[in-house]
Amino acid sequence: MILDADLKAQLAQYLELMEGDVLLKVSAGSDEASRDMMELMDELASMSSHIKVETAELERTPSFSVNRIGEDTGITFAGVPLGHEFTSLVLALLHVSGRTPKEDQKLMDQAKNLEGEHHFVSYVSLSCQNCPVVVQALNVLSVLNPNVTHTMIDGATFKEEAEANNIMAVPTVFLNGESFGSGRMTLEEILAKLGSTPDASEFENKDPYDVLVVGGGPASASAAIYAARKGIRTGIVSERIGGQVNDTAGIENFISVKRTEGPKFAADLEEHVKDYDIDVMNLQRAKQLERKQDFVDIELENGATLQSKSVILATGARWRQLGVPGEEEFRNKGVAYCPHCDGPMFEGKHVAVIGGGNSGIEAAIDLAGIVKHVTVLEFSPELKADSVLQERLNSLPNTTVVTNAKTTEITGDDNVNGITYIDRESETEQHIELDGVFVQIGLLPNTDWLGNAVERNKFGEIVIDRNGATNVPGVFAAGDCTDDRNKQIIISMGSGANAALNAFDYLIRN
Ligand SMILES: Cc1cc2nc3c(=O)[nH]c(=O)nc-3n(C[C@H](O)[C@H](O)[C@H](O)COP(=O)(O)OP(=O)(O)OC[C@H]3O[C@@H](n4cnc5c(N)ncnc54)[C@H](O)[C@@H]3O)c2cc1C
């Protein structure tokens with residue numbers, strides 16, 4: 001049985017929500033994946049009278065497309081969408097059957113009005129958490145717009161095709177045969193990338209806010225919800241709702257939630273924010289802060305200026321880059337930053353992890369279970385990770401640690417083929433042949449845009465007091481962008497709540 005009893009029971013409930021008939025056009029061969037796909041097709045057809053299956057000639061085998069009766073939608077799954085893609089299949093069935101996608105109406109109108117032919121192909125792995133977000137967004141776009149098609153390709157089933165297209169990270173998306181992007185992308189982000197964004201004039205005539213939160217991660221969500229619960233006018237302006245959590249795999253230390261996954265956590269954050277009367281301006285970057293007489297002005301990169309009586313800065317942090325030749329050139333062609341997302345693409349290969357702190361050693365332990373060999377390169381004479389992690393690493397047979405190593409270049413032709421470093425002790429240049437490099441050297445606060453508008457420390461972190469207040473009256477900060485020593489979800493949420501309550505207190509007193 002391709003579906004276990006639990007999955008089948010869940011599926012049965014979802015299939016009851018189908019509103020009309022769906023035709024699955026199937027191209028199968030005699031290989032094992034085709035047999036699995038056919039078994040899945042048969043199970044689906046046996047579970048709902050709305051699902052019809054017929055054989056067809058499609059571009060790839062095994063694959064199947066999900067269509068309305070008499071009308072192709074352009075949604076195709078190449079490979080067997082189990083694992084994390086099973087939800088994408090269920091949603092495709094529901095949406096093609098006529099159920100309205102759970103997306104903002106404005107976004108769906110943008111999707112419907114998108115002009116031109118857009119033929120997307122996405123390469124995924126079934127163990128990737130970010131992939132379903134992209135697959136589901138592109139499928140929704142295909143359902144809503146007859147000029148859009150989308151084929152999801154499981155890289156493990158179509159290994160040769162993935163290799164021929166140099167796919168070293170998933171999800172990777174092509175549009176009309178050209179590279180479109182990689183990594184997690186929501187429908188809103190995809191539309192923005194296609195040039196379909198809300199007009200900047202939409203932002204111009206907004207009334208001043210009581211609290212305006214800049215940033216879209218856990219700190220921001222928590223600050224905005226705490227502010228909104230006080231009944232005051234609250235806004236969020238953010239480059240990317242969810243923040244770093246979008247790039248996180250399992251989260252097991254958000255107390256009371258034993259285990260969740262980053263993308264799910266990010267979606268839950270967004271849903272919770274949407275429960276409140278909060279003006280969310282997503283995909284917008286703040287570029288300047290200025291304290292004026294009555295308000296703090298936040299100028300956006302789109303040219304609009306928002307005014308608020310108080311501001312909470314929650315712009316978080318980003319991966320620190322090595323800054324060596326080859327890093328940018330081979331990004332997603334062997335250079336990766338997220339072991340949880342991209343580790344499976346290096347199965348059976350030799351990779352390096354740069355950085356011997358907690359995140360580097362955690363990454364090396366994780367990767368050792370997938371890849372052939374992991375070499376950890378650490379600049380200092382000793383690893384900085386917690387000893388429990390070091391002990392675990394040392395117990396693994398397929399890891400090597402090189403200390404005193406200054407990475408100087410990531411080499412490659414089409415893809416990464418090695419790494420060059422200086423052995424700082426012998427002052428000799430060394431080269432290791434390998435297939436991938438995971439950069440794990442810490443985080444940088446996203447605060448450059450503030451310049452001298454608020455006080456920052458030598459690391460660029462915003463200096464705050466115990467109330468989350470900065471040196472500028474009415475301007476508070478929370479989370480990873482501040483000088484709080486520990487950077488964690490639960491801590492950033494606590495500091496977001498603290499900043500919001502103190503911003504409220506500030507508003508009452510002023
Ligand atoms: C791979 C990985 C795994 C992790 N695992 C865990 C874990 O298991 N448990 C845990 O507790 N923590 C974990 N963390 C840390 C945790 O994700 C962070 O501590 C937390 O997300 C910080 O939240 P934040 O809201 O302060 O910032 P962020 O999450 O960084 O969010 C900041 C947001 O602000 C936006 N922004 C930046 N500049 C601007 C601008 N100028 N204008 C508008 N918006 C802007 C960014 O795009 C982003 O959306 C992990 C982090 C990573 C990268």
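Biologist: How far apart do the C-alpha centres of domain 1 and domain 3 lie?

Modeller: They lie 35 Å apart. This is a predicted model: local features need pLDDT of at least 70, side-chain atom pairs count only at pLDDT 80 or more, and totals for chains, interfaces and linings use all residues. Residues are numbered from 1 along each chain as its sequence is written, and side-chain values use heavy atoms, with hydrogens and water left out.

Biologist: Where do the domains run?

Modeller: Domain bounds come from an automatic or database domain assignment. Here domain 1 is 5-193, domain 2 is 201-318 + 444-509, and domain 3 is 335-439. The contact (heavy atoms within 4.5 Å) takes seven residues from domain 1 and eight residues from domain 3.

Biologist: What area is buried between domain 1 and domain 3?

Modeller: The size of an interface is often given as the accessible area lost when the parts come together. Buried area uses a 1.4 Å probe and is summed over both parts. Here the value is about 790 Å², and carbon and sulfur atoms give 55% of that. In domain 1, Asn-166, Met-168 and Val-170 lose the most area to domain 3, together 58% of what that side buries.

Biologist: How many salt bridges does the rule find across this interface of domain 1 and domain 3?

Modeller: A salt bridge is a side-chain nitrogen of Lys or Arg within 4 Å of a carboxyl oxygen of Asp or Glu. The rule finds zero between domain 1 and domain 3.

Biologist: Which residues come nearest the ligand?

Modeller: A residue counts as near if one of its heavy atoms lies within 4 Å. Of the 33 residues around the ligand, Glu-239, Arg-240, Gln-244, Asn-253 and Asp-480 come nearest. A backbone N or O atom of Ala-286 lies 2.9 Å from a ligand nitrogen atom.

Note on methods:
Buried area is the accessible area (1.4 Å probe) that two parts lose on being put together, summed over both. A polar contact is a pair of N or O atoms within 3.5 Å; within protein, one must be able to donate a hydrogen and the other to accept it, and residues adjacent in sequence count only if both atoms are side-chain atoms.
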